[in-house]
Amino acid sequence: MSRFLELALEPSAWQRVRSWPLHRTVATVFGTGMATLVVGVYVASVLKVLPHDPDAMDLGAVNALPSAAHLLGTDFVGRDLLSRIMVGTQAFFLPGLLSVSVSLLFGSLLGVLAGFWPARFDTVVGLLLQLLESLPKLVLILLVVALFRADIYLILLVVGITNIPAAAELLRARIAVLRRKSYIEAAIALGLPPSRVILKHVLWLHGRGLVLIQATIGMGEAILIETSLSYLGFGVQEPTPSWGNMVALGKDYFFRGELWLSTVPAGAILLTVLGFHLLGDALLERLEASGA
Amino acid sequence: MKCAMVAGVVAGLLALSASGIAGGRDDGFPDGGKLVYGEYGRPATLDPITTNDMVGLRLTELLFNGLVSFSPKNEVVPDLAEKWSVSPDNRVYTFTLRSDVKWHSKAGVGDRTVTADDVVGSLEVIRQPKTLTPLKAAYELVAEARKLDAQTVEITLKRPIVNALGRLSFKVVPTFALKNPDFLSRDDPFVQNPVGTGPFQLSQLTDEGDVVMEANPSYYKGRPHLDRVILKPFADKNVLTQALLFNSADMVVEVNSRDIAQIQGDKRFNLYPYNALSYAFFGHNYRNPHLAKKEVRQAITFATNRQEMLDSFYSGRGALISGPFAPGSWAYNLDVKPVPFNPARAKELLAQAGYSKTGSDGYLQTDEGKPLQFTLKIPIEKENETVKRVALAFQNYLKQVGIKINLEFREWQAWKQDVFVDHDFDMVIANWAFDDSADISTLFHSGETGAWRNNFVGYSNPEIDAMIVEAKTTLDREKQRTINQRLHALLSDEQPYTFLWTLTNYAAIHKKVRHVELHPFKLFTFADTWYIAKKEQ
Amino acid sequence: MAEATPARPRPARREGEGAVLFVRDLRTYFYLPTRGRFLRAVDGVRLAVKEGETLVLVGESGSGKSVTVLSVMGLVTAAPGVVSGRIWYRPPGHEDPVNLLEGLERFARFTPGPPVGVEKDNRRWLKWHEAGMRERRGRDFAMIFQNPRNALHPYFTVGQQVSEVIRRRSPELSAGEAVAEARAWLAKVHLDAPAKRLGDYPHNLSGGMCQRVMIAMALAARPAVLIADEPTTGLDATIQSRVLDLMEEMKATLKTTTIVITHDMGVARRLADRVAVMYAGRVVEEGPAPDVLNGRYEIKHPYTHGLLYAIPSAGDIREKRRLGTIEGDVPDLSRLPAGCQFADRCGMKPPGREHLCDAEEPGLDAPVPGHRVRCWRHLRHPSEGGAAP
Amino acid sequence: MLKRIRRALLREGTRTAVLFLLVTMAMFVLLNLAPGDPVALYVNVQNLSPPEVEAVRHELGLDRSLPVRYGVWLSRLVQGDLGHSLRSGRPVTLELWRTGWRTLLLAGSAMTLTLLFAAVTAYLVAMGRHPLWASGLTALGYVLSGLPVFWLGYLAIYLATTRFHVLPLMMGAGAPPGNWAFFLVPVVVLGLGNGTVSEVTRHLRTHLQGVLGEDYIRTARAKGASLWRHLYKDGFVMPLSSLLANKIPYVLGGAIVVEQVFNWPGMGRLTWQAASDRDYPTLLGVTLLAALIVRTGHIIKEAVQVAVNPQLAD
């Protein structure tokens, strides 16, 4: 009860409370919805539940606008856009998860080290993270792609690695806050092994949100990175459909006014990334509001 | 395609080509005006020796001359050499140079004329192992180059060959201007700041990557009409077309086939077709037991609707071909007709070859009960998406007859490694660009199957080998033709390649530029005669 | 604003005779979007502070005392804060008081009781009100906050923060002079080595020092009304009493009209001339400090009684402990019961008349002059005749 | 204060030096893990016999051992010599020099735009001003962050050409005079389309709200002092400086794509070109320069924050 009055003293608090139902609820609902949809579509595509064969061409009807036969129209060799978009989820789904798990795994490891034993690890970990931060993602990816091969898993592995700092920093900050929380100190004082304390209190109680956030951010990024690379010619290669190479190929017809071809996948990207972003931000805000 | 670009350069520098209307500028056309032409990508180097892409090749055409050049009718015409004589055994060529050809006046070069030393030097530089140049192979045929006097050069060949003059059209560079006179490598300043004899001279290389060239006032054929020619590199083909449409460029050397219609409709531009003596093909790796079977190769060709692809991907701008020779070359056998599209026949052939059982997945089965499938390796073509489409369509066609094609896109360097060294592929899609000597020995002779050799499909057939050698060694043009015609017929039946088509490229040039003539792939050979009417400058 | 007032009805003035600040029927509600209801943080508070006297507001946290003064300061700008009522303030040297909530009606149609103040209009009013109040803050009113460490800006030196106030009060002073005066003020609040402190940042100072700086800063404004919100909260015991010493001293020397907010009866004892006890957004008892704080004095609101017997040791600033001593908890301010707000925690309902407590809330009335209380024990319902028991 | 800054710079500088060494090593190892024969870059290997290839390899010093090559390269690097581009033969340093500043111009302006957009939006939201604009801008930020940057670029060009009949390309020598679109459009596209706008905005907003909730802001208002004076340092300077430092890599990455679309002859195109050619020295140079830029950003941030926030001093 008294919390409300303390809140009453700080304007921002009211802003937050107020923005709760409007922004956050909508965001969370939309975000969750999109995420579920994407997963659903992914599963469907894996189970081959598709309106058309994504590779079946119809050179008679290329760059067709939506019709009953092709709900989203067809591409430059008359393949069904809807089917390809559905299958396109496979291009980033697992690789995206890979990159997310990489960044989370090492991120939380480093984060915990730096968070709990700053004296011992802060400098080392910090240096390591800064090393990763110092290398612009895309430059690094181009480097790797040129050196090895344009494999989406490889690319997103790199993305995952470059995302380690973000995850680590988030967790480190959380822990730094939590360590000052009496119950952690108490737990440690009570002689519980720090590892247990970390796992239970930090990772489990406070890390769950973190995982989700990283996941949402990582997925959104995975899609956009793949898209940029497709434009540069290093992305997922035809005929395997990816939203990226669909936009990239569609762009060739852009200036001729045939915007549809690249706008459909671009729209898919927008909705998905938007969904992930909103979800992630909502979660993050909740985490910030609840935490510290 | 890039493969073509490399092969094309080799070819390009050997090829017969036509030269500008000789004689000075008494044609009464006005001087002045500038021409901005858009290229996809910037040239790595600006000299004729180390450059290894088409952009550079076209550029050096503006900056340099060779001993001999060619008329539009493909006759060898004098260029730097005003006359020459050939020894009875066709091995020794003696050139007499013009005495009035000046190097571009540049700091450090001063005002020097072209001498025999330059010619001999250039040849030596090309042949010198330290020099990094794609031309090397082309000049292995030269035994020795000697300077007789300041204006006379004697070039001795290892063996007499047909059309030797054509091959001696290499660009002459001022060896005295090189950092190191006996070889040329890319860290030599010369490659970025070349000095030549051509109608235009390099004035600057802007930070934007534009290559700005100015008229060479003392060009021996007389000052070219255009004041400036500017090469403008672009990073995005679609944007390149936009640049043309928005007057940011007066010329695009190779128009996107999908943009041709739009430009055709535009009153401001002329489209100039030019036909690089080149063709595209699917190469079948004989090391694959299935592809080693003639029926399979034939079936694949029968199953592929090449005309439909040509029409839908290249808007029909080109022609189907039937054999290994450069279309339009004298060796090409017009009596052999391209294999028609006939899936039924393809199925028969496959059945004959022993593939009749169809698996659950709808693909034909091999004896091991695996689906009949091949891996098609495609170089990643950032500059040409259409190749992707061809590959896709091909995959689709073969699916109809029950052959499974796995597409594998490889980054360019890796692709070359796989194809030319490791021979790790079942099929490749590639493209040969030719010189007119119609020498296909490197493509199908069994002795050419090693690493970095051109017979990467591993085709081996004593009969063919014999014919190739015979055609190479004979000096009788007629005999050569008949042999080649037979070769053509045989190979088109053998189908070591699925021969696709030869494409017609289009250059789009603003109408204000007049008197435009284009060389098949060097384009700018006659640029010195182009002009822009006074009022349009 | 002064021009606008003569038109106003004057009963207000007769009531708050001679008061520098007279708050009447002040209501501050917050809209809770999640609940779709209003939170009645302050619900019809009535207060009067006379020239030079010190009024102490006591009550548990959540009783609305802080919000009351913040409303007076006009610091509850956060929409959807809805403020209503009258705050009569007589600037020094003026005859007529001005209503600080001037013009409220013009923006928000606002009837006492549940507000219908449309949020948008309310925001417009707040803007308008803010403009007026900014002028007064730091001149007519100055404030001392709890947790001085956080209340001082970490990025500015003590000197900057104090002299800022001084220059605002008297702009004619040069920066140098302002700093000099700031130094003087720091000396007045017994900050050791004031000259050196001027250049220090808050994080260089101890909590006690910070509070002294806060006090210096507030006093330096020479305000007509000084408001101290829990001045000792967030300090440890010894420091607390020193700060209180200081405040007593300042009260004696400067005679500033002061409102002190505290939950600590000890603080009230030391500083108060008058005391107002707040509960659930209302004043439940108000009168001279000695009477109200005297446990044996018979006129007493049960809640005050509870507080008195729950006086924490000076050291103990943990609210939980104190709350524990009065059974039950503060009612949900967004869903208030019909009768007396304290009824369900009250242990001393008037025998035989308990029904009143749950039926109807008593008004704040004076069984004896100058001492008001809101309790049926001391008041009689219109329904029952005769004098108070 | 100057002393504080100097100390901070020193600290940050040394760290940067260490990082730099690490980066170079990492790069070098990575480059040498690569398959394929670098010689193929210099020459069309098809036309060379194996011994000739070997000769070239030796010529280029590609046959020496890794550590040796690294050592040599590093010592040269210290003297500002990054070797020659395998593609053009020009010194890499020169290439970086002539392209670098363009990319800095592009990325810098874009970054400024991003932060400006975020700052305005965050301010409006946090202060509850012009709620319509606030939510509008927020929404816009989210949408822009969700779209592929090159698609936005194409859209921009399409609109510019069809609606306004200008071609927003870096045209250099052939440029029609006074064509500013070529500068503005890419900057806007990169500035709003680099995918970080929404995140930056959100971060800034929450931070700002936090600061507005601080006691000392309430104190300031109680003093009647100007809110801005007490707000800008903690509310804007601090977060903006760290955001600037943290987001540089993203903008540099986006620049690669945007430069490609708008024919902007900067480092991005150099990178792309080098990547497609396996131009080792250039790639190394680019990566190092990029890292250097990022670190510089951090140094600046460090200096600013120490200058603003006395607590960081000790």
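**Figure 1. The pairing of B:Pro379 with B:Arg410 in a sheet of chain B.** In this predicted model, B:Pro379 has B:Arg410 of strand E16 as its bridge partner. Strand E15 (residues 373-379) of chain B runs parallel to E16(B), and seven bridges join the two. Helices (H or I, at least four residues) and strands (E, at least two) are DSSP runs numbered from the N terminus, and two strands pair if DSSP finds at least two bridges between them. The open sheet to which these strands belong has five strands in the order E16-E15-E17-E13-E18 (chain B), with mixed pairing. Its edge strands, E16 (404-410) and E18 (497-499) of chain B, each pair on one side only. From one strand to the next, the twist averages 30°; angles run from 0 to 180 degrees between N-to-C directions, and axes are lines fitted to C-alpha atoms, for helices over the stretch in contact.

Residues are numbered from 1 along each chain as its sequence is written, while chains are lettered from A and ligands numbered from 1 in the order in which they are written. Local features need pLDDT of at least 70 and side-chain atom pairs count only at pLDDT 80 or more, whereas totals for chains, interfaces and linings use all residues.

**Figure 2. An open sheet of eight strands in chain C.** The strand order is E6-E7-E8-E3-E9-E10-E12-E11 (chain C), and the pairing is mixed. Strand E6 (141-144) and strand E11 (365-368) of chain C stand at the edges with a single partner strand each, so one side of each has no neighbour in the sheet. The twist averages 25° from one strand to the next. E11(C) pairs with strand E12 (residues 371-373) of chain C in the antiparallel sense over two bridges, and C:Val368 stands opposite C:His371 of E12(C).

**Figure 3. The crossing of helices H12 and H13 in chain D.** The axes of H12(D) and H13(D) come within 9 Å and cross at roughly 145°. Residues in contact have C-beta atoms, placed from the backbone, within 7 Å of each other. H12(D) contributes D:Met267, D:Leu270, D:Thr271, D:Ala274 and D:Ala275, and H13(D) contributes D:Thr282, D:Leu283, D:Val286 and D:Leu289. By class, this contact has seven nonpolar, two polar and no charged residues; Ala, Val, Leu, Ile, Met, Phe, Trp, Tyr, Cys and Pro count as nonpolar, Asp, Glu, Lys and Arg as charged, and the others, Gly among them, as polar.

**Figure 4. The contact between chains D and A.** Here 48 residues of chain D are in contact with 43 residues of chain A. Among the elements giving two or more residues to the chain D side are helix H1 (2-33), helix H11 (227-262) and helix H13 (280-308) of chain D. That side has 30 nonpolar, 14 polar and four charged residues.

Figure 5. A:Lys48 is not a glycine, yet its phi is positive, about 60°. A:Lys48 lies in the loop between helix H2 (11-46) and H3 of chain A and is exposed, with 10 other C-beta atoms within 10 Å. A residue is buried if 20 or more other C-beta atoms, placed from the backbone, lie within 10 Å of its own, exposed if 12 or fewer, and partly exposed in between. In H3(A), 27 of the 36 residues are buried. D:Asn263, in the loop between H11 and H12 of chain D, has a positive phi near 55° and counts as buried, with 28 C-beta neighbours inside 10 Å.

Methods:
Contact = placed C-beta atoms within 7 Å.
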